[in-house]
Amino acid sequence: LAASDKLHKSRQKAAKKLSQEVTQSMHTLGMEQGQFTVELSAQDHHSKHGDDLIQFMVQTNAGQVASALDETASGGELSRISLAIQVATASCTKLPTLIFDEVDVGIGGAVAEVVGKLLRELGKTRQVLCVTHLAQVAAQSNHHYLVKKTSKSSSTETHITALDNKTRTQEIARMMGGVEITENTLNHAAEMIQRASA
């Protein structure tokens, strides 16, 4: 019981800090009214993990009541909150690889660039794999692979191609500009990649 009480007090302190850091990251990731809270409540049984029942609570919009993360957040919000948690806990986790599937759903512009920068920052200490459709996120990567599906009458194939500097610039330009890629679009893509690696 004494050990459990000590663990509870330690968790209360950590919960407050994690709540603040994740909330701050949520604000930079396009959820300006978001609020993340780590809620601790007592269980009615003891275990080697202590007496606490720990739940992540989130409020994604102003005026909403905070509710359990797994019941509230949409896919895009969940991805961004997950990214915020990974950034906040990067120094104390040992996961060698993180996978983010469309962490940029429902965002664009400056927020997408922030997401890309956070992913790049995480990539300094572990491998980060990210599926994205946004040029701002893709431009922040160290390695870029193009995933393309081709369908025939009775089957679909997926091809993955590692891009070099030239083809990467063309792909970033395609992601930004659509069907017709102009010289200006190519220059902008090259500038985005150069800025990201500077």
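Let's start with salt bridges: the count here comes to 7, where a salt bridge means a side-chain nitrogen of Lys or Arg within 4 Å of a carboxyl oxygen of Asp or Glu. Before I go through some of them, a word on the source. This is a predicted model, so please keep in mind that local features need pLDDT of at least 70 and side-chain atom pairs count only at pLDDT 80 or more, while totals for chains, interfaces and linings use all residues. Residues are numbered from 1 along each chain as its sequence is written, and side-chain values use heavy atoms, with hydrogens and water left out.

Now, which residue does Arg195 pair with in a salt bridge? The partner is Glu113, and their closest N and O atoms are 3.6 Å apart. Arg195 sits in helix H7, residues 183-197, and Glu113 in helix H4, residues 109-122, so this pair ties together parts that lie 82 residues apart in sequence. A note on those labels: helices (H or I, at least four residues) and strands (E, at least two) are DSSP runs, numbered from the N terminus. Arg195 is partly exposed at 44% relative accessibility, and Glu113 is partly exposed too, at 23%. For the cut-offs, buried means under 20% relative accessible area, exposed means over 50%, and partly exposed is in between, with a 1.4 Å probe and protein chains only.

Glu191 is placed in helix H7 and counts as partly exposed, with 42% relative accessibility. If you'd like a sense of distance, Glu191 and Glu32 are 159 residues apart in sequence, and their C-alpha atoms are 28 Å apart in space.

Two other salt bridges deserve a look. Lys124 and Glu121 meet through their side chains at 3.2 Å, N to O. Lys124 is exposed at 63% relative accessibility, whereas Glu121 is partly exposed at 46%. Then there is Arg174 with Glu171, whose closest N and O atoms are 2.6 Å apart. These two are 3 residues apart in helix H6, residues 165-177, and that separates them by about one helical turn.

What does Thr169 touch, leaving aside neighbours within four places in sequence? Its contacts are Leu186, Ala189, Ala190 and Ile193, where contact means heavy atoms within 4.5 Å. Gly177 is also found in helix H6, and it is partly exposed, with a relative accessible area of 37%. Gly177 and Gln24 are 153 residues apart in sequence, with 32 Å between their C-alpha atoms.

For a strand residue, turn to Ile160 in strand E7, residues 156-162. Ile160 counts as exposed at 60% relative accessibility. Not counting residues up to four places away in sequence, Ile160 touches Tyr145, Leu146 and Val147. Ala198 is 38 residues from Ile160 along the chain, and 27 Å separates their C-alpha atoms.

Now let's zoom out to the whole chain. How many helices and strands are there? The chain has 7 helices and 7 strands, and along the sequence they follow the pattern α-β-β-β-α-α-β-α-β-α-β-β-α-α. The radius of gyration is 21 Å, well over the 16 Å that the globule rule gives for 198 residues, so the chain is more spread out than a compact globule. That radius is taken over C-alpha atoms, and the rule is 2.2 Å times the number of residues to the power 0.38. Taken along the principal axes, the C-alpha atoms fill a box of roughly 65 × 40 × 35 Å.

Of the 198 residues in the chain, 34% are buried. Among contacts between residues at least 6 apart in sequence, 49% join residues at least 24 apart. The accessible surface of the chain, from the Shrake-Rupley method, comes to about 12500 Å², and 52% of that belongs to carbon and sulfur atoms.

Technical notes: Accessible areas come from the Shrake-Rupley method with a 1.4 Å probe; for residues, only the protein chains shown count as cover.
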